[in-house]
Structures are given as C-alpha cells and as structure tokens.
Amino acid sequence: MGRGMGRFLLKRAINYLILTFIASTGVYFLASYCLEPAMNLLSRHPRPPMSSVYSVLASQNLDPRVPVVERYWTWLTQILFHGNFGTMIDGGSVNAEMGRRIFVSTELLLLSTLIGSITGVMLGAWNALRQYRPSDRISTIVSYAIIAMPVPVIGITLRTIDNWMGSPIQYTGLDDPNAHGVVAVVLSNMQHLILPTLTLWLVQVTLFSRYQRSTMLDVLNADFLRTARAKGLPFRKAIVKHGLRTAVIPVMPLLVYNIVLLFVGATFTEKLFGWHGMGEWTVDTITTNDINSVAAIGVFTSVLVLIAGLLSDLVYAALDPRVRV
Amino acid sequence: MTSNNTPVLEVRDLRVTFPSESGAVRAVRGIDFSLRSGETLAIVGESGSGKSVTATSVLGLLPTSAQVTGSVLLEGRELLGLSDTEMSKIRGKDIGMVFQDPLSALTPVYSIGTQLMEALQIHQNLSKQAARARALELLELVGIPDPKRRIDAFPHEFSGGMRQRAVIAMAIANDPKVIIADEPTTALDVTIQAQVLEVLKTAQEVTGAAILMITHDLGVVAGMADNVTVMYAGRPVEAGTAEGVFYEPHMPYTIGLLSAVPRLDKTERKALTPLEGNPPSMVKLPKGCPFAARCPIAVDICREQEPRLVDVAAVPGLQSACHRAAEIGNGDLAREGMFPTPELSEWEGESDRASRPEVLRVENLIKHFPLTKGAVFKRRVGTVKAVDGLTFDIREGETFALVGESGCGKTTTLLEILDLPRKQEGSVVVLGKETKTLTGKDRRGIRRDLQVVFQDPMASLDARMPVGDVLAEPLRAHGWSKEKIQARVPELLSLVGLLPEHAERFPTEFSGGQRQRIGIARALALDPKLIVLDEPVSALDVSIQAGVINLLDELKVKLGLSYLFVAHDLSVIRHIADRVAVMYLGRIVESGDAEAVFESPSHPYTQALLSAVPLPDPRKERERQRILLTGDLPSPADVPSGCRFRTRCPKFVGLTEGEAERCRTEDPASTAMAADHSAACHYAAALEVV
C-alpha cells in the first residue's frame, strides 16, 4: 500500500476519465442521429409551423439545421464550464431532474444491494459447505429458476401475491399520497420499499450466491485451510477467517460492478413499482426523443463505470496483498 | 536424544475407510506404531499406500465421510472420537503438522507474521507484542534471514524453501510433543531439501518432539528416521529400525523398492530393477497377500491368505508380513537378484564420441525476458536472464542431461530448442541444420526428427482421445496414409511395452507409468532422431520409475536415438546420462562425461548439489558431511557480478581477500579439467562428495 497504491489509482483514474469522455461523446452523437425531437412538436394539434418548431429546438440546442458537431461543442462546453446538462424536451432542467432521480434510485437500491451482497456471499458460502446436501440442491434449483426468470415476472408475481393476500403491503410510488406528517411519510415510504427491494434482492442474491459458491468450493480443498485447522483453529473459524476471506476476493469485482451499474439498470423494477428513478428515466427519455436527457444519462452511466472500476480495484487491493505493487 | 520408555503417540489397529461410488475404499487396513519423544518414525510407501491418510487421521483432519476405527493415544489420551472443538485444542499445540506443498500451505492474504502469531495466540494467552516477539524468535530458529524485516512479508514474497521454514515455525510454535511431517521436502529442490531437513532436525532438538515423517523418498528416510514402517495397500508390510529395514528386509516389497531406487553412489552402469505391475485397487482387494501379483517369489499360500506382520527372530525389532520371511532371513532366498534385472543392451555404433555425427549443437544460446512495468505504457525496468549463453552438443546415441535447481533455466533452454528459433543470438543446429535459416518444409522435417516427452503424463495426454488417436495424431499431421497409420499404432504400443488392444482405451484407464509410456510412444511415432525429455519420471513412483528409465535406455540403443534429458533428480541422471551439464542461473557451470562429473565434481555448486542428495543407506547417510548451501537461488533478473555463484559459494567464504576479489569482478570462463570435463570456476578442484 502507500505511495505505490496512490500512483496506481491515479493512473487508473486518468484511464477511466478518458474512457468516460469517449463513451459520453459516443452517446451524444448516437442520440443526435437516432432521436427526432422535432416529431414531438410536429405531432401536436394543431400542428405548429416549422419556423416555431425550429426556434423551440434551437433554444434547447437541438436545432437539426445546426451541424451536429457544433451542437456537440455547445453541449460539451456547457457541461464543462457551467455544469449544465441543458434542458429536457418539456423545457425542465436536466440537472434538477437527474438530481431528483438519482436520489430516488439511491434510496431504492442502497438497501437491496447491501442486503443482496451480504446474504449472497453468506448463502453461497453456506451452500458450498453443504455441497450436494439437500439444502444445496434446493438452493441450486431455486437460484436457477430465479436467474432464468425475467425481472418483470418476479415483480408482478410479488405484486400478485400481495394483492391476493389482501394488499397488506402498499407498493405504488414512493409513499402514500394520503400520508401526513414526517413519521407517517417515512413509515409509508419504508412500506413502499418492501416489494421493490424484495424483487431486486432476489435477483442479486441468487446471482451472487452462485459465484460465491463456486469460488468457495475451490478454496475448501485448499492446503492453507488444512494448515489453519492443523494450527488448532476450529472448523467454523478456519472456514470464515481463512476460507471465506480468500474466496470473496474473486467475487468482489462482480459484486461492485453489479451494484454500481444497477443505478441505471433497475428499469423494470422502477417501472413496475412506480419509482421515478434513473432506470425508468433511461427508457422514458428515449421514447420521448429527449436527446439532452439521454446524453446526460450516458455521462452518468460512464461515470458509474468509472466509479465501479476504481472501487473494485480498491476493494481488490485492500483484500488481496498479491496485487499491491 | 531424550528418550524415555512411555510413548507419546500410540496408534493401535487404525483403520480408515472412505465411501466411494464404486464401493468402500479401505485406505488404511490396520496399522500399529508408537513414537517416543525425540524419536523419528518414517512411514514409507508409494502413492495410494495409505501413509498420508494415516497421518491425517492422527490429527483428525480427514473428511467427515471417512470411517476411522482403532485407537490413537496421545500420552494415554484417546484422540479418536473427540469432537472438533476438543481436537482443535490438541492440533497445533500437542501435535504440529508440516505439509507437502509449501506454496499452497499458507493463506495468501495474511502475512507470515500474522499466521504465525495466530498459531501462538490460539493456544497461549499472549499479548500481541509477546506473540510477535515469540514469532520473531521462531523465524530466527528456522533460519529465516532478517526476520524483523521478513515477518510482515506475505507468502507470495517468500520462496518455496522459506515458506516451508515458516510452516515448520508454525508447527513448532507451541512446543508440540509430536510433529507430523507429510512429504515435507518433496516439492523442494535438493539443496533446499537439505536445508529444510536440517531445520526439522534443529526443531526436534529444541522441542524434544517426536517426528512422524511421511515420505516416499528412501534417501530422506535413511538420513532422518530411527524407525521405519513400510506400507503397501493400506497395511504395514515391514517395520523396524532403519538399519533393520534397509539392510535386512524380510519382505519382497521392501527388497524390490530398495533395488528399484537409482543410487548416486552406484557407479556400475546397469539396468535398474523394476517392480513390475501396479498396486492393487483399494476397492476390490484380491484375496491373499496384496503384493502377490507383483512378487517374484509368491507361492500358493500367498494367493490364499494375507500374511500378518510378525516379529522376525533374527533381527531384533524387525517385523515383516511375508509367508516366506524365514526363507529370506536364512538365505534360502537371496535378496540380491530376487527381482529380475533386465540386461542392458549395449550401444553398437561408433564408440568414439568425436566420430559420431552431431545431432544437436547449441552455441551461445541466450534467452532474456524483458521485465516491464506499467499497465498502459509499458517500460522496461530490467531483464530476466533465463538463459545466458549456453553451449553444448549432443552426438548420436548419447543421453545428455541438464541438471539444476528450479529457476536455473533448464526448461527455458528446452523450449527455446523446441521452438526452432529464427531470430536470436547464438545458434541452434539440429541435425546439421541451422534453425535460423530453415524455412517451411525443412522446419517441418526437423519437427519430425525432434520430439518431446513431458513431465506430467496425465496433463500431456488429451483425456478425451483414445490412445490409438493420440498416437495417430502426429502421423496424420505428417500426411501418413490410413493403412500405414493402422499398422504403425500397434507397433508403437508394443515398442513401449503396452498391448496393441490398448489403442481402444482412454488415458484415464492407465496408471501413471503406463501413461508415460504412451507419451514416449507418441514421441517415437515419427521415428525421430532426438527426443527431448522434460523431467519424464519425476511424477512417477519409484517402483514405476525404474521401468520407464529402463525402457528409455533400451529404446535408445534399439532405435539409435539421442536424448536431451532434463531432470532435477541427480540419482536418475547418474543412472541414465552419458554426459551431464550442471546449470546455475542460466549458465552451464560444469559439464562433461557423466562419470567424470559425478566422480570428481570440480565446481563448488556441483559439489554442493551432489552432497545434498540423500542416499538410501542409513550408515552412509549418517557419516556423510553435507556441503550446505546458504539461501536461495538469486533472481535471474539480478545476477551477481563476476561469478554468479559467489553469493552462495561455500568455497568463496574460505578465500583470501585477493582471491575473492577475482570472483567478484571476473566472470569465470569454462576451463578444461580433463579430456571431456570442464568447469567454470576460478578455483576449480575435484572433490569427492558422494
């Protein structure tokens, strides 16, 4: 660790920044070529005259008569010098909308990813210890069934079960619009978290536990585990301290990337449960030809990849002395 | 030696059975032994004989599916049937364990110090500082240089020998009464093996512990053990004092094992005595003596009744399990020649070396690898000098051996030659053709004449290909017709001592020795002139190894082959090689006629290497003075100035300042010691070390 590590991370960060720039530029051009914001205005009744359509688009830096490179330059300088991602197709600020949605997604995902990672690792390790016993076989079957199931199916199934039981858990939106007072809103908000969290948790726990199970199985027969027990560590302690500690290392990058990228990938869950987060926005902005918002999401996603990469490097180096330079 | 009469460890009628899909595997079928303080007992046997299972069951570390019966008493206390929690209080405290592979025996994510302190703190109520202080003492004791600096190093920063020292430190951390060492030096080089065995002896002196040593190496046994138990098919077949077992064995298996070992101290050049056949399956043991099928003196009763281990009257303390032990004892059945030794065919070609054609000439071969740093922009920060100026030649009908410790560049040399390099410094000439200038068709032709046999007979054969296809593949690649291939495959199989019908089977159906024979047959398929053998017998058991070595010797004469033989086992090389080159850090330090190099080694490294090889002879072994090398092989990225061996040279230490200066500044050139014997040392002088 120490200085070598710092330099290593700095170098990585620079690499990732270059990647981020290339990726967001790509998204901007792609969105500008594929999306037709003019259609939104032209489909109105009564149909507005072309001149006013162009002037509206020009005010949003979307005028198709201006060369795309020039629009790109405006977009880029606005971001770099003013931190301004422009306006949405309906005239609202992209910055404000994105801020709000990031907050919503964070609230939705924080809990499920934390629980998902911890329980996934634990379940995987436990399954490995009980390889081929009934509990392991059942876990395997259930895991594959869930992995094979599309997320909407899981979400709708949970909703259906809830409805069938007489809706003990409310799930639409962030909270009950009828709730008043801080305590009531918070409680309602927590209740509304249950089903989407459960959906996301199921998806993650099954995936993570599969990976953890296989890395744990590799470690279980390792010589160093036998050494640890020969030193006098009881079975359970040796497994946790020497076995699991080594077996989580290869799972870490997967865990980190999955968690971080879920911020824009929880589209179905957000849609199904009416949470207006980043995942939902990704789909909505594309269908509404909202170039500026799509480009902003592109930037956000590539920054997430950057963060995930750095984080996974950090976690890896913290856990495994062999990669420290 | 502090020996009182009550044993610390007593094992009675220990039996271990594992369930398996094909039936119960009776891995250990009743073994008794006792160990007293300060005493060393070696359990010897080949793979699958049950020796490691015996050791592991004493510690209670067998998988839970194993059924263990009998009795294991530690100072009178029964260990079998104790819970894991109770056993954990004994493991590491009363019984320390050293495992075979030091590279994987330490947890990679914790520092050496952390793991050693953990071993201390599990059993003793020590503060962190006290544990660290004790850990430093232990590391000092096992000979880790500069322990204060190395204690915080991680396992991957230690060499194999250093790691094994750390594991020994852990095993003796709590002053155990018994140390179990399971093949503690098998994975190490001979010079490091000698160091580690010394450390084990020191550890035993300091702790007064009894050592239970599991090994297949009869040389190591001869040097370490007071008592020896020989195991075969899950049972002890001979047990007694080391001298009794080595000099007056009464069981044919022991006799066969001892005669199958190639010995460094046997100068006479003759075939090894192979123990034909394979150990029986532990699932379906045949009736009678399990060794009967391989025993040359088996009689009817041997196939009916399994002999029990009984006292041999003539030799005090010796017990043997053989129906004919009495006849062996009184000389009616001679030990010498009990197992038939095949005749070694004589080379019938030109005996004068100079007039035989050259098959391979390597001149000033250099292979340097750049050492780079940086993930995106790579820059060169150094050079790994894996092979650094190698010159040698091989003549027709000759076995040329390259010897050296791991990391000395022998494998790189082989790979370079097999690569038929185009651009490089120096030159490689195969059968008179310079590889640099070869193109397309000629290169293909050379590939046909130059074949290779690998170390691991399992990994080098495709498990999904029947043996017939394995052998046909090189033939097809060189455009042989179907009919010719069909005729060639059975021919090849019988050439290496297998049956033509074996072509239908898959590699997994063969034993290790048979698989290596298949590997040899594949190399022979295209009638090559030169075969490169990379550690061809090091993965095989002693009894099997002898047969493969004999086969190689026989094929050489029969087919007029030449071998480039790479191995680390000097006894094997002494047996098979006509000429030898000893490598150190990418250079040949001594080379010449095998006889000359082994009889009068002149480079201090060769002398140390030879003196480190243990002999399977307890009396000789105890009298020998070892030249112990200090430390590990330096990194080939950081080769010492002047003579590259000087940092470990035992001779360098005794030189005057003026003489030593020469070693520091001047790289010694190879100088002739005799007609076909040269050494690269400023102060080369012959010394008898075996």
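Predicted model: local features only at pLDDT ≥ 70, side-chain atom pairs only at ≥ 80, totals over all residues.
Modeller: Residues are numbered from 1 along each chain as its sequence is written, while chains are lettered from A and ligands numbered from 1 in the order in which they are written.

Colleague: Why are helix 15 and helix 17 of chain B called roughly parallel?

Modeller: Their axes, which are lines fitted to C-alpha atoms over the stretch in contact, with angles from 0 to 180 degrees between N-to-C directions, cross at roughly 25° and come within 8 Å. Angles under 35 degrees count as roughly parallel, over 145 as roughly antiparallel, 65 to 115 as roughly perpendicular and the rest as oblique. The two helices of chain B are therefore roughly parallel to each other. Helix 15 covers residues 467-477 and helix 17 covers residues 512-524; helices are DSSP runs (H or I, at least four residues) and strands are too (E, at least two), numbered from the N terminus.

Colleague: Which residues make the contact between these two helices?

Modeller: Helix 15 of chain B contributes B:Val467, B:Val470, B:Leu471 and B:Pro474, and helix 17 of chain B contributes B:Ile518, B:Ala521 and B:Arg522. Residues are in contact if their C-beta atoms, placed from the backbone, lie within 7 Å.

Colleague: What makes A:Val260 buried or exposed?

Modeller: A residue is buried if 20 or more other C-beta atoms lie within 10 Å of its own, exposed if 12 or fewer, and partly exposed in between. A:Val260 has 23 C-beta neighbours inside 10 Å, so A:Val260 counts as buried. A:Val260 is found in helix 11 (residues 252-265) of chain A. Leaving out residues up to four places away in sequence, A:Val260 touches A:Leu304, A:Ile307, A:Ala308 and A:Leu311.

Colleague: What is the phi of A:Asn289?

Modeller: The phi of A:Asn289 is positive, about 55°, although the residue is not a glycine. Most residues other than glycine have a negative phi.

Colleague: Which kind of peptide bond joins A:His45 and A:Pro46?

Modeller: A cis peptide bond joins them, with omega about -10°. A:Pro46 lies in the loop between helix 2 (37-42) and helix 3 (50-59) of chain A.
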